[in-house]
Amino acid sequence: MITVHHLNQSRSQRVLWALEELALPYQIVRYQREKNMMAPDALRKVHPLGKSPVLEDNGLILAESGAILEYLQETYDSESRLKPQEPELKLNYRFWLHYAEGSLMPLLLMKLVFASLGKPPIPFGLRSLGKVLGQGVQKAYLNRQLETHARYLESWLTDHSWFAGDRLSMADIQMSYPVMALLSRGGISDLPHLQAWQKKVDMRPAWQRAIQQGGPFEIPGEP
């Protein structure tokens, strides 16, 4: 039995979605965020980094969403339903699997951090300075970078039904968290193709089952 160590409202929702798309049986060990939105220390007993998702299967303990999704596809997707086989589409597939966490999520995490500099747990006497600093970094750098990435994604989906081709793949599953975070807190308007992509995701029965299994899903602060 595959076991998913699942933190509520986190990137591990992607692993549940992949398992539902592959119709694989699995069990969930649930963890709740602390009041500061950090992951609980109990996750460190599963993996030294104390992060989610972590997947256990046949004696293996795997962390990192991209690595988990690739493992599930290579191990259980014998018909390649979630990975294209055409050479050009395979390159797209690989690109988006790495882009999600390598390029887009760091910017979104930085935006979250700098937007929080004027709030607890920042000491009260430093919050005004923190707020000014955070707003300055966002205006001078982060917002411009996120705008560039958002327009790139929007342009890509103008000509592609899904990120790696004309059907859903693990690349879409990997991209789901950063795209939803971008739409939720990026502050960028006029992204109809990204919004249409999210609606297609929301309508998939496997995504809906994953939400039922994992619990209500919103983009929170990072663990």
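Which residues of H4 are buried? In this predicted model, where local features need pLDDT of at least 70 and side-chain atom pairs count only at pLDDT 80 or more, totals for chains, interfaces and linings use all residues. Residues are numbered from 1 along each chain as its sequence is written, and side-chain values use heavy atoms, with hydrogens and water left out.

The buried residues of H4 are Gly-130, Gly-134, Gln-138, Leu-142, Leu-146, His-149, Ala-150, Leu-153, Glu-154, Trp-156 and Leu-157. Buried denotes under 20% relative accessible area, exposed over 50%, and partly exposed in between (1.4 Å probe, protein chains only). Helices (H or I, at least four residues) and strands (E, at least two) are DSSP runs, numbered from the N terminus. The buried residues of H4 pack against H3, H5 and helix H6 (192–203), contact being heavy atoms within 4.5 Å. H4 has 33 residues, which at 1.5 Å a residue should span 48 Å; the end C-alpha atoms of H4 are 44 Å apart, in agreement. The expected span is 1.5 Å times one less than the number of residues in the helix. A bend of about 50° occurs in H4 at Gln-138, the bend being the angle between axes fitted to the seven residues ending at a residue and the seven starting there.

Helix H3 (residues 87–115) also shows a kink of about 50°, centred on Tyr-99. Its 29 residues should span 42 Å, and the end C-alpha atoms are 41 Å apart, which agrees. Among the buried residues of H3 are Asn-92, Trp-96, Leu-97, Tyr-99 and Leu-104. The cover over the buried residues of H3 includes helix H2 (65–76), helix H4 (127–159) and helix H5 (170–185). Asn-92 counts as buried because its relative accessibility is 14%. Beyond its neighbours within four places in sequence, Asn-92 contacts Trp-156, Phe-163 and Ala-164. The C-alpha atoms of Asn-92 and Ala-164 are separated by 5.2 Å, although these residues are 72 residues apart along the chain.

The largest nonpolar core has 54 residues, of which Leu-72, Leu-153, Phe-163, Met-170 and Met-175 touch the most other members. Such a core is a set of buried Ala, Val, Leu, Ile, Met, Phe, Trp, Tyr and Cys residues joined through side-chain atoms within 4.5 Å. Another core, of 6 residues, lies apart from it and includes Tyr-31, Ala-39, Leu-43 and Val-46.

The strands form an open sheet of 4 members in the order S2-S1-S3-S4, with mixed pairing; two strands pair if DSSP finds at least two bridges between them. Strand S2 (26–31) and S4 are at the edges, each with a single partner strand, so one side of each has no neighbour in the sheet. Neighbouring strands are turned by 20° against each other on average, direction ignored. Axes are lines fitted to C-alpha atoms, for helices over the stretch in contact, and angles between N-to-C directions run from 0 to 180 degrees. Strand S1 (residues 2–7) pairs with S3 in the antiparallel sense over 3 bridges, and His-5 stands opposite Val-54 in S3. Strands S3 (residues 54–57) and S4 (residues 60–63) run antiparallel and are joined by 4 bridges. In their hairpin, with 2 residues between the strands, Asn-58 takes a positive phi near 50°.

Helix H1 (residues 13–21) lies across S1, S2 and S3, at about 145° to S1. His-6, in strand S1, is buried, with a relative accessible area of 1%.
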